[in-house]
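Subject: Structure handover

Hi,

Here is the structure for you to look over. My notes follow below it.

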Amino acid sequence: IIFSFYSTIVISIKQKNISEMKSDFINNMTHEFKTPIATINLAIDAIKKKLMGKVDTKSMGYLNIIKDENNRMNNQVENVLMISQLEKEKIELEMKMMDLNKLVQLAIDRVELLSGSVGARITKKFDKKENIMMLAEEEMINVFVNILENSLKYSKSNPVIQIMVKNEKSNTIVFFKDNGIGMTKKIKTKIFEKFYRESKGNIHNIKGHGLGLAFVKKIVELHAGFISVQSQIGKGSTFKITLNNVNKT
Ligand SMILES: Nc1ncnc2c1ncn2[C@@H]1O[C@H](COP(=O)(O)OP(=O)(O)OP(=O)(O)O)[C@@H](O)[C@H]1O
Ligand SMILES: [Mg+2]
């Protein structure tokens, strides 16, 4: 009995290692796609700029297709990275001193295409010009992108999103307020769970994996912060990320 107990444990440890290795592999592979995708994007922009007005609309149309599809590929890569990070028990984030306000702006830039397509207006208000603190750059941008994407997806027409960064004595707080479809109390308690999506009834019929907010919560907590949400059905939602000022200049 002792032997079989022991061997079961050994096997399960081995399996766990293999699964960790697998997720590391996917993570690294996917990461490798990011640089070429970014380079292709820059190259397309350069060609478009050069050919502006000198080329027929059909050719310009093809260039736009390449750009849109490249963006789509980038989103899929981000999704795979997000999933593989959620799978891992321990994620080590590369934290550096940087400006939180800048990361907010970079996230807004990343959702530009989507926000343009739904006619959204995104406003921002920073208490202070700069908020230099210890942050994991890519992951924190993705946190903001996920929240913004949700506000853009789960909204009626012409969404308005207000981002505010407030400074308290011991905390820096980021608010994302939208005027979207909102959530009931019951939905609110579940949205941070992996794979949870509210798609029953006629709440919404938008595609997704139900992973965005699980990732958001995990990353915020790895920054020793916390996230909460206030919402009213039909009126909108406000997501609040509270980060401690211990590692702030
Ligand atoms: N701003 C919001 N307004 C209304 N409902 C929201 C909002 N943000 C999230 N939700 C609800 O919470 C659920 C979970 O969100 P989450 O971002 O985790 O997953 P998703 O958007 O469904 O998929 P994914 O982000 O993985 O593509 C959503 O399906 C939606 O029902
Ligand atoms: Mg989402």
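How many helices and strands does the secondary structure of the protein come to? Seven helices and seven strands. Keep in mind that this is a predicted model. From the N terminus, the order is α-α-β-α-α-β-β-α-β-β-α-α-β-β.

Overall figures first. The C-alpha trace spans about 80 × 50 × 45 Å along its principal axes. The protein has 249 residues, and 38% of them count as buried. Of the contacts between residues at least 6 apart in sequence, 73% join residues at least 24 apart.

Now the charges. There are 39 positive and 26 negative side chains. The centres of the two sets lie 6 Å apart. A search of the whole structure gives eight salt bridges.

Two pairs sit within helices:

- Glu-69 and Arg-72 form a salt bridge at 3.2 Å, N to O. Both lie in helix α2 (residues 57-87), three residues apart, about one turn. Glu-69 is partly exposed at 39% relative accessibility, and Arg-72 is exposed at 53%.
- Lys-217 bridges to Glu-221, with the closest N and O atoms 3.2 Å apart. They are four residues apart in helix α7 (residues 212-222), so about one helical turn separates them. Lys-217 is partly exposed at 30%, as is Glu-221 at 42%.

Another salt bridge joins Glu-94 and Lys-96, with the closest N and O atoms 3.9 Å apart. Glu-94 is exposed at 60%. Lys-96 is partly exposed at 44%.

Finally, a network of salt bridges links Lys-34, Glu-78, Arg-110 and Glu-138.

Best wishes

Methods: Residues are numbered from 1 along each chain as its sequence is written. Chains are lettered from A and ligands numbered from 1 in the order in which they are written. This is a predicted model: local features need pLDDT of at least 70, side-chain atom pairs count only at pLDDT 80 or more; totals for chains, interfaces and linings use all residues. Side-chain values use heavy atoms; hydrogens and water are left out. Buried means under 20% relative accessible area, exposed over 50%, partly exposed in between (1.4 Å probe, protein chains only). Contact means heavy atoms within 4.5 Å. Lys and Arg count as positive and Asp and Glu as negative; His and the chain ends are not counted. The place of a charge is taken as NZ of Lys, CZ of Arg, CG of Asp or CD of Glu. A salt bridge is a side-chain nitrogen of Lys or Arg within 4 Å of a carboxyl oxygen of Asp or Glu.
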